[in-house]
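Please look through the structure shown below before reading on.

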Amino acid sequence: MDPTESNVTENGMETRTASSDEDLYICDQDSVASSVDSTAEEMFLNGLDPVLDRPSFDIYTPEEDCDSEANIQQRKRSRLSSTCSTGGDGVSTERWHSSDETDVEVLQSDFTPVQVPGPKFLPHKCSSPLQFFQLLFPKIMMQSIVGHTNVYGTKCKDVGERWRYISLKDLKSYIGLVIYTGLLKCSLLTEYWRESHYFSPSFPAQVMSYETFVTIANTLHFSNTKEDQQNNSKKGTAAYEQLGKILPLYQLIRETCKTYFHPFQNITIDERIMAPQPRTGLNAMENKSTDRGYKLFALTDCTFGYTWDFFIHEGKLHESQNVGLSYESVMALVDENLLGSGYKLFVDKFYTSPTLFRDLLGKNIFACGPVLPSRKGFPKILVNRLSKNAPRGTMRWIREDNLLFVEWKDSQEVQMCSTFHKAYEGDTVQRKVQGDAHRTLVEVPIPAVVLDYKRLVEFQWSSFDLF
């Protein structure tokens, strides 16, 4: 029987109606696609890369019969082949090594930055916070913001009957109050202008009225309104610039950050959360462990904590199907032509992957960081691997050419990957270990990659979640 039925409409046109089985098949395909998209977004928000942390054998195409004997056997063979490499006799030739086994010496290229690390091209007598602020927000840019805001204000219908033009002094006062509200936390914005015997911050009212502050906040504009209209007409196309309304300020700040400072050898890349504001056109992201906001990826100097470059994640997962967003974020920020060679990049588990580290090494950039055991490229060798009940301080390591993988037992298991460390350098750390009667403080071995990562990353973040 034909799986479709033929019907004739009133105008004589013939239509074909799919059978119920075909309808269900199409719905199943849509459900699978929707499920994969939502899963990818959830993984990203939880600090996982939707490409690199998704087990390949968990995702099937709609055409596959997941319960078929052939597919089950194929997946078993795939997992077996990825678990161990065997010699000619069928016995595994790879295994994890212990701390008493000697690792090879790692050859490192010289540190040759493009510029001398540290502050650069600073004007004379630049010492106050205001003078440093003016490096990032020069007068010509502030005047441009005033002009764009006044043009936008005259066209805005929410400012009353007549727009009151703001001056450069008004903009500086507004920015000062924004910084002030970030230092003194109140539950409501109106609380900063509150007049009360018990609580009354006097500073905001002395600078400007509440109405003026809100008006500037609602009309603050960084771009040309005519260019905004042209960009809006391109919505839905590849030519549309989602960051168009902040692009001039965004580009200037990025270039200024790189102009006045050059990073030292140790650098890191991490994410920042920026509080959401209206009229941005970006989709805010929400993570269970962080406040709601927009995600920025930033390259930071580990010595002084200076942000050398950053970019805004625009709310959509544009990563390629092969390397992932974590890979593309690092490659977008680490420019060896601007930085130089011999840099050491410290990243967290979201970014660490064998593919990324090998490609960075091709740029003469070294890297290390904690790595998820489930990440693509992590060794699947089981021989002599760290056991779950191993005592504190026990370590295992395995090397794949220039990549070192280390497993170390602390209060929990720690997995690390590095391209510039030796497995064990004889370092120790004090830890409490359970004895016969009570816990005692003893020296236990610690891999060099764990020790270096802990020392440098603790400077960047007040809490270190590796342990």
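Predicted model: local features only at pLDDT ≥ 70, side-chain atom pairs only at ≥ 80, totals over all residues.

Residues are numbered from 1 along each chain as its sequence is written, and side-chain values use heavy atoms, with hydrogens and water left out.

The protein has 13 helices and 17 strands. Helices (H or I, at least four residues) and strands (E, at least two) are DSSP runs, numbered from the N terminus. Of the 467 residues, 37% are buried. Here buried means under 20% relative accessible area, exposed means over 50%, and partly exposed is in between, with a 1.4 Å probe and protein chains only. The accessible surface comes to about 27,400 Å², and carbon and sulfur atoms account for 52% of that surface. These areas come from the Shrake-Rupley method with a 1.4 Å probe, and for residues only the protein chains shown count as cover. A contact means heavy atoms within 4.5 Å. Among contacts between residues at least 6 apart in sequence, 60% join residues at least 24 apart.

Next comes the interior. A nonpolar core is a set of buried Ala, Val, Leu, Ile, Met, Phe, Trp, Tyr and Cys residues joined through side-chain atoms within 4.5 Å. The largest such core has 56 residues, and I269, V334, L345 and L360 have the most contacts inside it. Helix α5 (residues 168-183) gives the most to this core, with five residues. Which residues surround L345, leaving aside its neighbours within four places in sequence? L345 is in contact with I267, T268, I269, V330, V334, L360, I365, F366, A367 and C368. A second, separate core has 21 residues, including V414, M416, V450 and L451.

The aromatic rings come next, with 20 aromatic pairs found in the whole structure. Rings of Phe, Tyr and Trp (its six-membered ring) pair if their centres lie within 6.5 Å; planes under 30 degrees apart count as stacked, over 60 as edge-to-face and the rest as tilted. The ring centres of F111 and Y343 are 4.9 Å apart and the planes stand at 85°, so this pair is edge-to-face. The two residues are 232 residues apart, and their pair links distant parts of the chain. F111 is in the loop between β3 (97-98) and β4 (112-113), whereas Y343 is in the loop between β10 (340-341) and β11 (344-346). F111 is partly exposed, with a relative accessible area of 27%, while Y343 is buried at 0%. Elsewhere, ring pairs join Y174, W193, Y210 and F213 into a cluster.

K258 lies over the face of W308, at 5.9 Å from the ring centre. A charge sits over a ring if NZ of Lys or CZ of Arg is within 6 Å of the ring centre and within 35 degrees of the ring normal.

Now follow the sheet. Strands of a sheet pair through backbone hydrogen bonds, either parallel or antiparallel. Two strands count as paired if DSSP finds at least two bridges between them. Nine strands form an open sheet of mixed pairing, in the order β3-β13-β14-β15-β12-β11-β7-β8-β9. β3 and β9 (307-312) are at the edges with a single partner strand each, so one side of each has no neighbour in the sheet. Strand β8 (residues 294-301) pairs with β9 in the antiparallel sense over five bridges, and F297 has F311 in β9 as its bridge partner.

Strand β14 (residues 403-409) has seven of its seven residues buried, so it is largely enclosed by the rest of the structure. L403, F405, E407 and K409 are on one side, and L404, V406 and W408 are on the other. β13 and β14 are antiparallel over six bridges, with R396 opposite E407 in β14. These two strands form a hairpin with two residues between them, and D401 in the turn has a positive phi of about 60°. On to strand β15 (residues 413-418): six bridges join β14 to β15, and the two run antiparallel. L404 has S418 in β15 as its bridge partner. β14 and β15 form a hairpin with three residues between them.

Two loop residues remain. Most residues other than glycine have a negative phi. N364 has a positive phi, near 65°, and is found in the loop between α12 (354-362) and β12 (366-370). N384 also has a positive phi, near 65°, and is in the loop between β12 and β13 (395-400). N364 is partly exposed at 38% relative accessible area, and N384 is partly exposed at 29%.
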